[in-house]
Every structure is written in C-alpha cells, then in structure tokens.
Amino acid sequence: MGIFSRLGDIINANLNAALEKAEDPEKMIRLMIQEMEDTLVEIRSATAKCIAEKKERSRLLKRLEEQKADWAAKAELALDKGREDLARAALAEKTALGDRIEHLEEELSQYDEQLQKYDNDIARLQAKLDDARARQRTIVMRHRSAEHQLKSRRQIHNQKIDEMLHRFDAAERRVDHIESEAEAMDMGRQPKTLGDEFDSLARDDRVEAELEELKANRGGKAKPDSNASKEAS
C-alpha cells in the first residue's frame, strides 16, 4: 500500500469520526494537518533509514569488488607459477564474489528507486501540507465569522428580547400618557407676563381711587372696617 493511500485512509476515517460527532471545522482541519505532519515525519524517517542502508551496501560492494580484483590477481599469479589448481580455486572465489556483487548492485538499484519514490512523496505531501495550512487560516476565519453571525442572528430573533422590547414600548407609552395629562392640566393657564403684572398694579390703583371717591361722596359715613377697629384697639 502506498504512503498516500494509507494517509488517505487515516484522514478519511478520522474525518468520518469527526463528522459523526459533529465536531467543529477548526478541529477537523487541525486533525488533518496533524495527520499529514506525522506522516511527513514518518516518510523522512524511512528515507533516512533507506539512505543509511544504501551507504552500508555501497561500502560492502566496494569491499567485495576489491576482494574480486584480489582473487583475479591471485589466479593470474597461480597460473604464472604453474599452479593451475590454485588458479582455478582463485577464479571460483572471484566468480562467487561476482555473483554477490551483482546481487548487491540490484539491491542498490532498488534503493535508488525507493529513495526516488520517497523524494516524490515528500514533495507532494509537503505541497499538500503547505496548501492545507494556508487554507486553514481562511477556513478558521470564515468559521469564526459564521459563528458570530449565527450568534447575532439568534439574538435578533430571540423571543425573550422581543418581549423585553415590548415592555419598553409599554413603559414608554405610559410615560407619554402621564406627560400628556400634565400638559392637559396646564392648558388654558397662560403664565403672567411682565405686562400682566403692570396691568394688575394699575387696576389696584383704580380700585383704591374709586373707594376713596365713594367714601367722600357718602360724607365719611361709611362704617369703619372691623379689622381696622380691632387693629386700633
């Protein structure tokens, strides 16, 4: 199974579990990003191990090639000395080493192919991770904005708030009624102006003059004011 197939299965399983629990989008995105980050670390670790093994096989290959060259030299030496039996034995060792070298070269070729796959997987996963992180900021902002809008809509359509506002309206109408009653009581009662005050003084003077004239016409026979008598006594 490819690394991306396994990663897709993990993410899909976690997403389905999150959806079943009705978890918020921010948590789901963090979960996906965490899965990708963990997988990226895993791939890098596998790549490092593959590189180390390749280096080890390369060192072994170099030693075997040196041994192969050494047995080839020994076979020539034995043949020069007339020891065909030793030459044959040396060539047998050289042939066995050649088989091992060929097998190691196939292994190293497989290591190269695996490292190329790891390199491609890392590049693809890193690109997806960068894209997910960039989209995360946008989705988080949209999610929080949507939550605030939903909260405000709930407040706007809250029945309790509407009832409270109706009470405010009733209280305001009551205050308007009381103010209207007070204004109605003052209607027809014009406040005295400065001219009214002077007119009142003039009327008092005319009343006093007419009183004196009446008293003079009656020859001073008017009965004394009882209050004035009491004050005199």
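Visitor: How many helices and how many strands make up the secondary structure of the protein chain?
Guide: This is a predicted model, in which local features need pLDDT of at least 70, side-chain atom pairs count only at pLDDT 80 or more, and totals for chains, interfaces and linings use all residues. Residues are numbered from 1 along each chain as its sequence is written, and side-chain values use heavy atoms, with hydrogens and water left out. Helices (H or I, at least four residues) and strands (E, at least two) are DSSP runs numbered from the N terminus. From the N terminus on, the order is α-α-α-α-α-α, and the totals are six helices and zero strands.

Visitor: What share of the residues of the protein chain counts as buried?
Guide: Buried means under 20% relative accessible area, exposed over 50% and partly exposed in between, with a 1.4 Å probe and protein chains only. Of the 233 residues of the protein chain, the buried share is 17%.

Visitor: Is G98 buried or exposed?
Guide: G98 belongs to helix α3. Its C-alpha lies 7.9 Å from that of E65, 33 residues away in sequence. Because its relative accessibility is 18%, G98 counts as buried.

Visitor: What is the C-alpha separation of Q116 and T47?
Guide: Q116 is also located in α3, where its relative accessible area of 43% makes it partly exposed. Q116 and T47 are 69 residues apart along the chain, and their C-alpha atoms are separated by 9.5 Å.

Visitor: Which element gives the most residues to the lining of the largest pocket?
Guide: On a 1 Å grid over the protein atoms alone, a pocket is an open set of points where a 1.4 Å probe fits, with protein on both sides within 12 Å along at least five of seven lines; lining residues have an atom within 4 Å of a point. The largest pocket holds about 260 Å³ of space. Of its twelve lining residues, M32, M36, D131, A132 and R135 are the closest to its centre. Two or more lining residues come from each of α2 (25-80) and α3 (84-156), and the most, six residues, come from α3.

Visitor: Over the ring of which residue does the charged end of K74 sit?
Guide: A charge sits over a ring if NZ of Lys or CZ of Arg is within 6 Å of the ring centre and within 35 degrees of the ring normal. The charged end of K74 is 4.5 Å from the centre of the ring it sits over, that of W71.

How values were computed: Points joined across faces, edges and corners; volume = space filled by probe spheres on them.
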